[in-house]
Amino acid sequence: MLTRQDIDFLRSFRSQTHPVFSVYLNTDGKQVSKKEVETKLKQMARIVRLRLNGSTDKDFRREALQEIQKIEDYILNNYKEFTIKGMALFSCGSYNLWHEIELPRPPRNRFILDETPYIRPLQFQEVEYRRICTVVLDQHTARIFLIYQGAILEYKLISDDVPTKVKWGGWAGYDEKRSNRKHAQKVNEHFEHVTGTLFELFKRDHFDWLIIGCKTEYLKEFESSLHNYLRDRVVDHLELPSDAPEHEILERSMKVEQTKTFEEHYALVDRVLHTSQAGGLATIGLENVLRHLNGSAVDTLLVARDYVAGGVRCLNCNFMGILEKSCSLCGGETVEVDDIVTEAIDRALDQSVTVKQIFEGVGMDRAQNMAAFLRFRI
Ligand SMILES: [Zn+2]
């Protein structure tokens with residue numbers, strides 16, 4: 001799994017004299033076959049080799065070519081089949097850097113040679129996930145779970161001593177009333193114990209969402225004892241027994257995450273369409289978005305997760321376009337790139353633009369697969 005330590009470790013690595021490689025591969029069997037992954041890898045490696053032809057530093061070039069071969073051989077020989085959604089590999093032979101990470105979601109394919117590991121797509125993957133806390137409870141027990149990137153971890157089991165209710169009592173029901181008052185008070189103390197523990201966890205882990213699993217009859221009382229900060233984070237209530245198996249809790253929580261993200265993406269696409277149609281600060285379509293990225297005018301970029309399109313890039317000023325033979329900004333020569341969308345995403349991240357990769361099924365095709373909210377119009 002992708003961890004913050006991975007990112008921190010890679011962020012601190014730099015080599016000015018030796019080549020550092022970062023390779024991202026989409027290996028999701030639902031989208032691509034093994035053969036297609038291999039072809040893509042070879043294709044990307046070939047482009048980097050071609051670029052190295054222009055390098056005047058012979059030692060650097062030799063070292064880089066060796067490293068490319070090592071990466072290619074490793075991936076082609078070690079993966080009989082791909083059972084993961086995606087992988088990232090970072091390497092720098094001279095410093096014994098060889099760091100492979102399994103990715104929870106398919107990345108866009110990249111093969112990059114630079115002075116530092118190219119980690120933006122990792123951070124990008126990470127921010128797409130919500131930190132979820134799911135609590136399942138009844139009137140005397142509670143189990144608290146943390147869910148992140150499709151994995152579940154039990155944080156705490158709480159079991160409080162709550163006397164059972166008396167169904168019928170002694171003289172004129174006096175005992176029954178007294179006993180039930182006591183019961184209600186103990187249940188309330190139990191709920192406060194649970195919400196207190198949740199707040200401690202929140203202060204430590206800052207989860208984004210809270211999901212409550214309990215019988216509907218307890219929900220109101222339980223919610224009323226939640227700290228305000230936490231009440232704002234409640235995204236759903238699930239009818240789950242307090243002893244529900246972990247895999248069910250994970251499954252149901254992930255479903256909530258999917259639904260909520262889907263709704264959020266759907267609303268974003270709607271808003272970008274309406275804003276652009278009304279002549280506001282939004283634009284749709286590759287060509288318009290590239291023009292605004294070239295001019296650093298994009299605020300938020302929306303792109304369909306699987307969208308790929310060819311384009312051109314200026315060798316002189318990095319202008320991005322679709323067909324231009326010469327750059328419309330500086331007149332310099334342009335080169336064709338087979339995926340201008342990935343370049344556009346990287347450029348956007350460079351400019352600290354928020355990038356949202358829109359899920360399939362949300363209808364991003366309504367916005368021509370690529371759209372943006374703008375800071376200003378060009
Ligand atoms: Zn140019």
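Author: Gln149 is partly exposed, because 16 other C-beta atoms lie within 10 Å. The scale is a count of other C-beta atoms within 10 Å of a residue's own, with C-beta atoms placed from the backbone: 20 or more is buried, 12 or fewer is exposed, and in between is partly exposed. This is a predicted model, in which local features need pLDDT of at least 70, side-chain atom pairs count only at pLDDT 80 or more, and totals for chains, interfaces and linings use all residues. Residues are numbered from 1 along each chain as its sequence is written.

Gln149 sits in the loop between strand E6 (141-148) and strand E7 (151-159). Helices (H or I, at least four residues) and strands (E, at least two) are DSSP runs, numbered from the N terminus. The phi of Gln149 is positive, about 50°, although Gln149 is not a glycine. Most residues other than glycine have a negative phi.

Asn369 also has a positive phi, about 70°, and is not a glycine. Asn369 lies in the loop between strand E15 (354-358) and E16. Here the count is 21 other C-beta atoms within 10 Å, so Asn369 is buried.

Now E16 itself. 5 of the 5 residues of E16 are buried, so the strand is largely enclosed by the rest of the structure. Met370, Ala372 and Leu374 point one way, while Ala371 and Phe373 point the other way. In a regular strand the side chains alternate between the two faces of the sheet.

E16 has antiparallel pairings. With E10 there are 3 bridges, and Ala282 has Phe373 as its bridge partner in E16. With E11 there are 5 bridges, and Val298 stands opposite Leu374. Two strands pair if DSSP finds at least two bridges between them.

Ala371 touches Val272, Ala282, Thr283, Ile284, Val289 and Leu302, leaving out residues up to four places away in sequence. Contact here puts the two C-beta atoms, placed from the backbone, within 7 Å.

Next, the largest nonpolar core, which has 32 residues. A nonpolar core is a set of buried Ala, Val, Leu, Ile, Met, Phe, Trp, Tyr and Cys residues joined through C-beta atoms within 7 Å. Val289, Leu301, Leu302, Ala344, Ala371 and Ala372 have the most contacts inside this core. The elements that give two or more residues to the core are helix H8 (246-277), strand E10 (282-284), helix H9 (286-294), strand E11 (298-304), helix H10 (340-350) and strand E16 (370-374).

Glu223 is found in helix H6 (residues 216-224). Glu223 has 17 C-beta neighbours inside 10 Å and therefore counts as partly exposed. Beyond its neighbours within four places in sequence, Glu223 is in contact with Arg231 and Val234. Glu223 and Phe191 are 32 residues apart in sequence, and 9.0 Å apart in space from C-alpha to C-alpha.

Last, another antiparallel pairing. Strand E1 (residues 20-26) and strand E2 (residues 86-92) run antiparallel, joined by 6 bridges. Asn26 stands opposite Gly86 in E2. These strands belong to an open sheet of 4 strands, in the order E3-E2-E1-E4. Strand E3 (97-103) and strand E4 (110-114) stand at the edges with a single partner strand each, so one side of each is left without a neighbour in the sheet.
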